[in-house]
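The following explanation leads through a protein model, from its overall division to individual residues. Please keep the sequence and the coordinates in view while reading.

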Amino acid sequence: MLNKIIPEQQIQQAMKWVDKYDNIVIVTHICPDGDAIGSSLALYHFLSELGKSVNVIVPNNFPAFLKWMPSAKDIIINEWKENEATELINAAELIFCLDFNAPKRIDRLATPVLRSSAKKIMIDHHPAPDLFCDLTISHPEISSTSELIFRFICRMGLFDYLTLPCAECIYTGMMTDTGAFTFNSNDQHIYYIIGELLEKGIDKDAIYNKVFHTYSENRMRLQGYVLYEKMKIYPEYRTALIVLTKEEEHRFQWKRGDTEGFVNMPLSIENVIFSVFIREEESLIKVSMRSQGDFPTNQFAGKVFSGGGHLNASGGEYHGALDEAVALFENALPEFKSLLTAEK
Ligand code: 5GP
Ligand code: MN
């Protein structure tokens, strides 16, 4: 049996709105990952099955390894179709905000979403949500928003409307946000849910292959280059850093998604518990952080790069030169030394 996480009164409120409103928009965070796309498409399939008119809108494009997902091709990318996206948001009666906890995480979509008079429901697992929605279903203790979507559907008593495509999307999000069940994945209920998804007919091995075994040759060579040439270890801080310049991205014909997972790799080294990946984007510097154990990457990201996230996975941005971002990172290490070197 699945334990109850979402309060009954929130389920009742959400059910009323889902019942009442037909025109629904789902939005998720910038640079959408497997959980963002997985939870959004899962809810899309579920609500469509209920007969609703539903649109998924994302701020910018998402990686090729998620394009196989059922109905991924129907997702509206705001960066490419801003007028259409704005019109859909203006017309929406109900907006679901999935896998993000603050308006700035949806970039330019924040303006129409905040202005909209539609009822808004957040379903998310990032700590400390901004209270900009009418209903905030926030569970940082749950490892993926996709799992929350499963729980949400079950608790409404509408498990029969959870179709195979919906189940595939839920599984994808649960799998990607736990590194294929290698972190944040000790909760037994995860495996109960996987059992239910298998009963819906998912092929979990095929999903793993579609997500993790579809790298381009360039991506694989870039990985080799990065590990051999670009990884710096700070043994006294049990920390690793990888920095990638625009020039290097061009050299390896970088595409969105190609560097996904790079930040996790140094954590495989004995005695590295904190890994940082700094990458030059067109107009900003993007920082990704991962840790093992108790080191709070979200504190580091918040303090140094005005970012945030989870304990073990966070990110932030820097507007300025790449060298400056690296210097900021290096200068902050001493301040975190006691946390980094605390024995587990
Ligand atoms: P990633 O390293 O995969 O881009 O992001 C990991 C996690 O860090 C995301 O799930 C998100 O919670 C958080 N995150 C990434 N970038 C940012 C950012 O710029 N600001 C904030 N607040 N959180 C971020
Ligand atoms: Mn997530």
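Buried area is the accessible area, taken with a 1.4 Å probe, that two parts lose on being put together, summed over both. In this predicted model, the two parts in question are domain 1 (8-212) and domain 2 (217-341). The area buried between domain 1 and domain 2 is about 800 Å², and carbon and sulfur atoms give 57% of that area. The centres of the two domains, taken over C-alpha atoms, are separated by 27 Å. To the contact, domain 1 contributes 13 residues and domain 2 contributes 9 residues.

The composition of this interface can be followed further. Between domain 1 and domain 2 there are 2 residue pairs in polar contact, counted with both residues at pLDDT 80 or more. On the side of domain 1 that touches domain 2, the classes are 6 nonpolar, 5 polar and 2 charged residues. How many salt bridges does the rule find across the interface of domain 1 and domain 2? The number found there is 0.

Side chains of opposite charge can pair when their charged atoms come close. One of these pairs joins the side chains of Glu217 and Arg221, with an N to O distance of 2.9 Å. Both Glu217 and Arg221 belong to helix α9 (residues 217-230), and because they are 4 residues apart there, about one helical turn separates them. Glu217 and Arg221 are both exposed.

A further salt bridge is formed by Glu330 and Lys232, whose closest N and O atoms are 3.2 Å apart.

The salt bridge between the side chains of Arg279 and Glu281 has an N to O distance of 2.3 Å. Arg279 and Glu281 are both buried. Through salt bridges that share partners, Glu249, Arg256, Arg279 and Glu281 are joined into one network.

Attention now turns to backbone geometry in the loops. Ala128 is not a glycine, yet its phi is positive, at about 55 degrees. The loop that holds Ala128 runs between β5 (119-124) and β6 (135-138). With a relative accessible area of 66%, Ala128 is exposed, since the cut-off for that class is over 50%. Gln253 likewise is a residue other than glycine with a positive phi, near 45 degrees. Gln253 is placed in the loop between α10 (246-251) and β9 (274-280), and its relative accessibility of 51% makes Gln253 count as exposed.

The loop between α10 and β9 also contains Gly261. At 31% relative accessibility, Gly261 counts as partly exposed. Gly261 and Trp17 are 244 residues apart in sequence, and their C-alpha atoms are 38 Å apart in space.

Which residues does Ile26 contact, leaving aside its neighbours within four places in sequence? The list comprises Ser40, Leu43, Tyr44, Leu47, Val54, Asn55, Val56, Ile57, Phe96 and Leu98. Ile26 is found in strand β1 (residues 23-28), and its relative accessible area of 0% means that Ile26 is buried. Ile26 and Ile75 are 49 residues apart along the chain, and 9.8 Å separates their C-alpha atoms.

Thr163 occupies the loop between α5 (145-155) and α6 (164-176). Is Thr163, at 17% relative accessibility, buried or exposed? Thr163 counts as buried, because that class takes in residues under 20% relative accessible area. Apart from its neighbours within four places in sequence, Thr163 is in contact with His45 and Glu49.

Methods:
Residues are numbered from 1 along each chain as its sequence is written. Chains are lettered from A and ligands numbered from 1 in the order in which they are written. This is a predicted model: local features need pLDDT of at least 70, side-chain atom pairs count only at pLDDT 80 or more; totals for chains, interfaces and linings use all residues. Side-chain values use heavy atoms; hydrogens and water are left out. Helices (H or I, at least four residues) and strands (E, at least two) are DSSP runs, numbered from the N terminus. Buried means under 20% relative accessible area, exposed over 50%, partly exposed in between (1.4 Å probe, protein chains only). Contact means heavy atoms within 4.5 Å. A salt bridge is a side-chain nitrogen of Lys or Arg within 4 Å of a carboxyl oxygen of Asp or Glu. Domain bounds come from an automatic or database domain assignment. A polar contact is a pair of N or O atoms within 3.5 Å; within protein, one must be able to donate a hydrogen and the other to accept it, and residues adjacent in sequence count only if both atoms are side-chain atoms. Ala, Val, Leu, Ile, Met, Phe, Trp, Tyr, Cys and Pro count as nonpolar, Asp, Glu, Lys and Arg as charged, and the others, Gly among them, as polar.
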